[in-house]
Amino acid sequence: MRPERKTLDRALSRAGVMSRTQAEQAIREGRVRVNGLRERDPQFWVDLTRDDVRLDEQPLERWKLLYFALNKPVGLVTTREDERGRATVYTLLADVKAWVAPVGRLDKDTSGLLLFTNDTDLAERITNPQSKLEKTYECLAAGALEDDTLERLRRGVELDDGPTRPARVRRLEDTPTGTRIELTITEGRNRQVRRMLEAVGSRVLALHRVAIGPIRLGELAQGAHRPLTAREVRALKAE
Ligand code: URA
């Protein structure tokens, strides 16, 4: 077997046990043993093919990688603890006992598909600014959007942090309150869809994410979550 040398904090976070910061703290608190000996240095090198690393007496391989899809309702913030005491998405994951973190985030006023995992490798790949993973949104935009406005959104608009990459935009419905569109972008910048609509003189009235790469929200009820299937995880890793 190829050696798999990593610092202890990284080994714990890569095994999906907890975040790197939490791992550092757990190690300093003496919760980690390497080959039976307590190790308090997060930078201690281990080889996962040879060394027996345990957290709270459990071997690392017992900590399974988990992947969930959540249908986030409007009104919850995507963070573990909110300094302003607002309700967070974790209130919907009370039955998930393992540590999992959101992959990217949705604004408080955005609903729809949010992925959670303890696979920090995959989460990092998906959220990396170089990643071109498609995210698809259904958006109710204020006003009657003309075809050439949709074309501007497709070509890319100028935002204060640079131009947006080309997007796919489809008109779904013209309603009395605005225009419903489906918009697929390959970036995940802060409040990107809201800013794109503002850049063309409209604004988002409602925003709902329906897909991330090969994962679709489908019929998942609002506020509910489900584990991803093995096929979905494979598809996500292949992106
Ligand atoms: N774009 C936004 O403006 N908000 C989100 O929550 C996601 C994408």
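Biologist: Which backbone nitrogen lies 3.2 Å from a polar atom of the side chain of Ser131?

Modeller: That of Leu133. Keep in mind as we go that this is a predicted model. Ser131 sits in the loop between α3 (120–127) and β10 (135–142).

Biologist: Now helices, please. How do I read which way a helix faces?

Modeller: Start with the general idea: an α-helix has 3.6 residues a turn, so residues three or four places apart point the same way. Then look at α4, residues 147–155, where the buried residues are Thr149, Leu150 and Leu153. Viewed down the axis of α4, these buried residues fall within an arc of 100°, so they line one face of the helix.

Biologist: Which residues are exposed on the other side of α4?

Modeller: Asp147, Asp148 and Arg155 are exposed there.

Biologist: Can we try a charged residue next? Where is Glu232 found?

Modeller: Glu232 is in helix α6, which runs over residues 230–238. With a relative accessible area of 16%, Glu232 is buried.

Biologist: Which side chain does a polar contact of 2.8 Å join to that of Glu232?

Modeller: The side chain of Arg226. Beyond the neighbours within four places in sequence, Glu232 is in contact with Arg226 and also with Ile215.

Biologist: Let us step back to the whole chain. How many helices and strands does the chain have?

Modeller: There are 6 helices and 17 strands. The C-alpha trace spans about 65 × 35 × 35 Å along its principal axes, and buried residues make up 48% of the 239 residues.

Biologist: What share of the contacts with a separation of 6 or more comes from residues 24 or more positions apart?

Modeller: That share is 65%. As for charge, the chain has 44 positive and 38 negative side chains, and the centres of the two sets lie 2 Å apart.

Definitions and conventions. Residues numbered from 1 in each chain as written. Predicted model: local features only at pLDDT ≥ 70, side-chain atom pairs only at ≥ 80, totals over all residues. Heavy atoms only, no water. Helix = DSSP H or I, 4+ residues; strand = E, 2+ residues; numbered from the N terminus. Polar contact = N/O pair within 3.5 Å; in protein donor to acceptor, adjacent residues only side chain to side chain. Buried < 20%, exposed > 50% of the residue type's maximum accessible area, 1.4 Å probe, protein only. Arc of directions from axis to C-beta. Contact = heavy atoms within 4.5 Å. Lys, Arg positive; Asp, Glu negative; His and termini not counted. Charge placed at Lys NZ, Arg CZ, Asp CG, Glu CD.
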